[in-house]
Amino acid sequence: MRRPALAAGALAAVLVVGAAAGWALASAAGEEERALPAPAADSADAGFARDMAVHHQQAVEMSYVVRDRTDDEEVRRLAYDIAQTQANQRGMLLGWLDLWELPKVSADPPMTWMGMGDAAAGEDGALMPGMATDAEMERLGRLNGRQAEVFYLRLMTKHHRGGVHMAEGCVRACEVDTGKRLASGMVEGQESEIRLMAGMLKARGAASRP
């Protein structure tokens, strides 16, 4: 097993690389709609970009934690794929906010753009649907082997379900075409991974929920 300190370094590196790659993609996509007015700071487009960037960051973190807690190649490969995909998408979301000259943080509660600002309790660090609590993240970092695999797969299944809910909200409410397309792709990709993780949990004699 590699030391946890390396996971932190890998996480920082992949977020930087993902941000750079995502910003480049966002810039290219932005050329398509350069003539259109930028969305408002309180729009669904901006809210989705801000909130999903935070949501994705936790998925990247969870994935790099579990890669240090198991030698199972199937789980490590899935974790790597999720980390890379979501780091790149996060970079795109933050890149759009830069292109729109909008702040990356808001005084409004998370999910306000979906009309759920009052529902996001932020209990123990779980700011949005599907996000793991601080206690769950700490527990993941203490587990090893099969226990870490099962707990990660359960956490990520819940995380993806929350992400799908948010992405579907953007598909309905966002107005920027590139954002709607990205959100639609997130729904398709994460639903596919939810099905994959259900099979992986079954193979380990576990259910999606404890």
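Let me begin with a definition, since the first comparison rests on it: the expected span of a helix is 1.5 Å times one less than its number of residues. Please keep in mind throughout that what you see is a predicted model. Helix H2, which runs over residues 44–67 and has 24 residues, reaches 34 Å from its first C-alpha to its last, and this is close to the 34 Å expected at 1.5 Å a residue.

Now to the charged side chains, where a salt bridge is counted when a side-chain nitrogen of Lys or Arg is within 4 Å of a carboxyl oxygen of Asp or Glu. By that rule the count is five salt bridges.

Which residues does arginine 204 pair with? One partner is aspartate 72, with the closest N and O atoms 3.1 Å apart. Because aspartate 72 sits in the loop between H2 and helix H3 (73–99), while arginine 204 belongs to the segment after helix H6 (177–203), this pair ties together parts that are 132 residues apart in sequence. Another partner is glutamate 74, at 3.4 Å from N to O. Glutamate 74 is in helix H3 and arginine 204 in the segment after H6, so here the parts tied together are 130 residues apart in sequence.

Is arginine 204 buried or exposed? With a relative accessibility of 12%, arginine 204 counts as buried, whereas aspartate 72 is partly exposed at 24% and glutamate 74 is partly exposed at 35%. Taken as a group, Asp72, Glu74, Glu149 and Arg204 are linked in a network of salt bridges.

A further salt bridge joins the side chains of aspartate 98 and lysine 104, at 2.4 Å from N to O. Both ends count as partly exposed, aspartate 98 with a relative accessible area of 35% and lysine 104 with 39%.

The structure holds one cavity of 30 Å³ or more, and the volume of the largest cavity is about 40 Å³. Its lining consists of Asp45, Phe48, Ala49, Trp96, Trp100, Cys170 and Gly179, which by class gives five nonpolar, one polar and one charged residues.

Conventions. Residues are numbered from 1 along each chain as its sequence is written. This is a predicted model: local features need pLDDT of at least 70, side-chain atom pairs count only at pLDDT 80 or more; totals for chains, interfaces and linings use all residues. Side-chain values use heavy atoms; hydrogens and water are left out. Helices (H or I, at least four residues) and strands (E, at least two) are DSSP runs, numbered from the N terminus. Buried means under 20% relative accessible area, exposed over 50%, partly exposed in between (1.4 Å probe, protein chains only). On a 1 Å grid over the protein atoms alone, a cavity is a set of points where a 1.4 Å probe fits but cannot get out, and a pocket is an open set with protein on both sides within 12 Å along at least five of seven lines; lining residues have an atom within 4 Å of a point. Grid points are joined across faces, edges and corners, and a volume is the space filled by probe spheres set on the points. Ala, Val, Leu, Ile, Met, Phe, Trp, Tyr, Cys and Pro count as nonpolar, Asp, Glu, Lys and Arg as charged, and the others, Gly among them, as polar.
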